[in-house]
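Hi everyone, thanks for coming.

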Amino acid sequence: AENAFGVVYRPPNSSREVGESVKQEIKDVCSKGTVVNMGDFNRHIDWANQIGSSAEGEDLMECIQDCFLNQYVEVPTREQAILDWVLCNEERLVSDLVQSPRATVT
């Protein structure tokens, strides 16, 4: 089995094709072994109930569940939403996740 670390940036308001590409990449990497994917997915997910706020969000949530990935970011990263995620299918690889304060430009 392999270990893979990936970084994802899904631009806001991107096409459905981009979402499908992100899902396919997640599935491909997860089929090879242990994976950590992190980044700005720009999808609103209710993580407590594991529900997407749109059809694309629901599709992505289903992919995450199918790949046995856990999401480790627990505090909002943009206003009240958790848009930046750390997804991993091996619990022992992610611990003590700390969110740094946001940088500001003055």
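So, which residue forms a salt bridge with Arg16? It's Asp59, and the closest N and O atoms are 2.6 Å apart. By salt bridge I mean a side-chain nitrogen of Lys or Arg within 4 Å of a carboxyl oxygen of Asp or Glu.

Quick housekeeping before I go on. This is a predicted model, where local features need pLDDT of at least 70, side-chain atom pairs count only at pLDDT 80 or more, and totals for chains, interfaces and linings use all residues. Residues are numbered from 1 along each chain as its sequence is written, and side-chain values use heavy atoms, with hydrogens and water left out.

Back to our pair. When I say helix or strand, I mean DSSP runs numbered from the N terminus: H or I with at least four residues for helices, E with at least two for strands.

How open are these two? Arg16 is partly exposed, at 37% relative accessibility, and Asp59 is partly exposed too, with 25%. The cut-offs here are under 20% relative accessible area for buried, over 50% for exposed, and partly exposed in between, using a 1.4 Å probe and protein chains only.

Now, Asp59 also meets Lys23 in a salt bridge, at 4.0 Å from N to O. Is Lys23 buried or exposed? Buried, at 10% relative accessibility. Setting aside neighbours within four places in sequence, Lys23 is in contact (heavy atoms within 4.5 Å) with Asp59, Leu60 and Cys63.

On to another pair: Glu56 and Arg10 form a salt bridge, with the closest N and O atoms 3.9 Å apart. Glu56 belongs to helix α2, residues 55–66, while Arg10 is in the loop between β1 (2–9) and α1 (16–30), which puts the partners 46 residues apart. Arg10 counts as buried, with a relative accessibility of 3%.

How many salt bridges does that rule give? Eight.
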